[in-house]
Amino acid sequence: AEGLLLRVAGVGTFVADGKAESSLLHVANIAEEIRARGHAHSFTLLEATRKSAPLNVAAALGLTTGDSVFHVVGIHFEDRVPMQLEDRYVNPRVAPTFLEQDFSQVLPGEFLLLAVPLDEVEHGVDATAATLDEAERLDLPPGSPCLVLTRRTWSRGTCVTFVRCIHPGSRYRLGTRFRPGSASGAS
């Protein structure tokens with residue numbers, strides 16, 4: 001029931017491969033999480049552009065439709081297996097040098113954590129079926145179950161980023177452990 005054992009009829013019982021896990025109570029760095037598990041992290045940048053904000057992005061960032069935003073799309077790999085499709089929009093008023101970064105040296109999220117002091121974070125998690133594009137990028141059959149972590153962050157009352165992190169449901173779980181009433185567990 002806890003997913004620790006895998007039973008194969010007629011073959012035997014085996015220790016199950018653990019799913020990668022990320023906490024919901026802090027802004028996680030997927031590269032650090034992967035390395036902490038003793039695995040190799042790599043990142044492939046698919047898109048890094050400046051564009052006009054569509055309605056949903058403008059609303060999420062507290063901007064007006066058509067305002068300029070930075071858009072980055074990339075895939076995070078764990079031992080060459082796709083673990084996360086990152087689809088990130090950034091408010092250029094808060095991080096004007098964002099697109100000038102070499103994302104092969106510093107990941108988009110890492111740069112923002114270093115460059116912009118965050119004082120508020122909002123997380124949401126949804127279970128979805130992978131679209132054709134997502135399935136292709138994550139090396140999954142179309143319609144495969146995925147976990148989508150949607151995050152918005154603020155600095156001094158201004159929204160910094162709106163990001164969707166899409167994870168294959170079969171390879172990832174979101175969870176946390178905390179002590180009720182502690183500062184990190186307060187909500």
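**Strand arrangement and surroundings of the sheet**

Threonine 44 lies in strand E4, where helices (H or I, at least four residues) and strands (E, at least two) are DSSP runs, numbered from the N terminus. The model is predicted, so that local features need pLDDT of at least 70 and side-chain atom pairs count only at pLDDT 80 or more, while totals for chains, interfaces and linings use all residues. Residues are numbered from 1 along each chain as its sequence is written, and side-chain values use heavy atoms, with hydrogens and water left out.

Threonine 44 is partly exposed, with a relative accessible area of 35%; buried means under 20% relative accessible area, exposed over 50%, and partly exposed in between (1.4 Å probe, protein chains only). Contacts of threonine 44, not counting residues up to four places away in sequence, are made with Val73, Gly74, Ile75 and Phe77, contact meaning heavy atoms within 4.5 Å. From C-alpha to C-alpha, threonine 44 and proline 82 are 9.9 Å apart in space and 38 residues apart in sequence.

Strand E4 belongs to an open sheet of 6 strands in the order E4-E5-E6-E9-E8-E7, with antiparallel pairing; two strands pair if DSSP finds at least two bridges between them. Strand E4 (41-52) and strand E7 (120-129) are the edge strands, each pairing on one side only. On average, neighbouring strands of this sheet are turned by 15° against each other, direction ignored. Axes are lines fitted to C-alpha atoms, for helices over the stretch in contact, and angles run from 0 to 180 degrees between N-to-C directions.

Strand E8 (residues 145-155) is joined by 10 bridges to strand E9 (residues 158-168), and the two run antiparallel. Leucine 149 has cysteine 165 in E9 as its bridge partner, and tryptophan 154 stands opposite cysteine 159 in E9. The hairpin of E8 and E9 has 2 residues between the strands, and arginine 156 takes a positive phi near 50° there. E8 also pairs with E7 in the antiparallel sense over 10 bridges; threonine 150 in E8 is the bridge partner of glycine 124. Because 8 of the 11 residues of E8 are buried, this strand is largely enclosed by the rest of the structure.

Helix H3 (residues 108-115) lies across E4, strand E5 (68-78), strand E6 (81-90) and E9, and runs at about 45° to E6. In the loop between H3 and E7 lies leucine 118, which is partly exposed, with a relative accessible area of 30%.
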